[in-house]
Amino acid sequence: MELFFFVVFGALGAVVAALELSKNSKDRINTSSAFNSFKNNYLLVYSLMMAGDWLQGPYVYYLYSTYGFGKGEIGQLFIAGFGSSMLFGTIVGSLADKQGRRRACVTYCITYILSCITKHSPEYRVLMVGRVLGGIATSLLFSAFESWLVAEHNKRGFEQQWLSLTFSKAIFLGNGLVAILSGLFGNLLVDSLSLGPVAPFDAAACFLAIGMAVILSSWTENFGDASDNKDLLTQFRGAAVAIASDEKIALLGAIQSLFEGSMYTFVFLWTPALSPNDEEIPHGFIFATFMLASMLGSSLASRLMARSSPRVESYMQIVFVISSVSLLLPIVTNFLVAPSKVKGGGISFAGCLQLLGFCTFEACVGIFWPSIMKMRSQYIPEEARSTIMNFFRIPLNIFVCIVLYNVDAFPITVMFGMCSIFLFVASILQRRLMAISDKPKIENWSAMKERDAEAEPLNE
């Protein structure tokens, strides 16, 4: 069965190469040299930031286990990270709108570097502090950089359609190529050079430091709503009003939480799904295969977004349905293929079928990221972009914490079935978003601010 992994990886690589090389004028967007320079600078920074993140991922659990911690204690550390992202990360991320997005991006680098440093200590409390810092950094990674990009893109007067090009390239590189190279580099450090499981975290800190230097030397500051009397509570209230008053924003938040919640659950479940009887599977190679599938998805997304038709709101309905069906495979194979009782050995026939389904899901993930970024750039008001984006992550982090806490309480088929249902619901909500996408906003941000200001004396 080892040949199967190489065949899947080779086939995906050939398809990605063919898609990229076969792009014609309809699949490309004509841009200016000034935009290309701006885009390449952002892609460099984003790739360095993602390298700092991807280098850590495969070795977090392994590092904790080498320090002698059990599954329960490691689970608590992971929950602390997601809980921190939900609580502290939301506050810190929202400050980006008022204190500056560039400053928030630098804060991400510093916070994550400090988190990497804590990995040198085997003390549980120190590692817990590191997880809290990592949770805060994660919130900034998925809000501050995108907020800075959108604001700076608009401030420089570039065409709105060009944003989709930056989004798709960022996912193609940052969530695809960089992820694969990071996995290989981490493997080189830990296995080939025998530098130990903490080495990838040191390498991550170096990449983050380089990225921070590029930000400090080449990025300008931009803000959301920088009014002097805007405290954090008022900012939260304004973001909540924006979500409640515009159905499109509320739908977008629900769709994002449903999809990302299913995606993070998949991250925890794919290993036991492919090796239920402790089959020997090449985890690193499978991870690289998933990232290649994600690159395939982002390549498809760049083609779709380069054209006026179909619209993002339209084709994402199909993407959510396909992703829902792909995560049903573990349930289907459980009924149709007799499970093996033999411990160890290579991957089973059912595992091969599931791997193909999981690659399909990862391709949908590759389409999802640039597409959701484009929809966020269209529907979320600039003044509270980081705040609202971090609001979206609150239900996501709650969901992931619940899944982590109960990961052993339910059969794996039940967990995949739940994810499949969530993705199908996302497709229904996406259909509703498509139906109202051309509907004007109920009220603009300025009007909501004025209404809040008028109501303020009543609250005193």
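1. Thr111 lies in helix 5 (residues 101-118); helices are DSSP runs of H or I with at least four residues, numbered from the N terminus. Thr111 counts as buried at 9% relative accessibility, where buried means under 20% relative accessible area, exposed over 50% and partly exposed in between (1.4 Å probe, protein chains only). Leaving out residues up to four places away in sequence, Thr111 touches Leu133, Ile136 and Ala137, a contact being heavy atoms within 4.5 Å.

2. This is a predicted model, in which local features need pLDDT of at least 70 and side-chain atom pairs count only at pLDDT 80 or more, while totals for chains, interfaces and linings use all residues. Residues are numbered from 1 along each chain as its sequence is written, and side-chain values use heavy atoms, with hydrogens and water left out.

3. The structure holds 32 aromatic pairs. Rings of Phe, Tyr and Trp (its six-membered ring) pair if their centres lie within 6.5 Å; planes under 30 degrees apart count as stacked, over 60 as edge-to-face and the rest as tilted. Phe6 and Phe285 form a tilted pair, 5.1 Å centre to centre with 55° between the planes. This pair links distant parts of the chain, 279 residues apart. Phe6 is exposed at 53%, and Phe285 is partly exposed at 24%.

4. Phe266 and Phe358 form an edge-to-face pair, 5.0 Å centre to centre with 75° between the planes. Phe266 lies in helix 11 (residues 247-274) and Phe358 in helix 15 (residues 349-379), so the pair ties together parts 92 residues apart in sequence. Phe266 is buried at 1% relative accessibility, as is Phe358 at 0%.

Technical notes:
Helix = DSSP H or I, 4+ residues; strand = E, 2+ residues; numbered from the N terminus.
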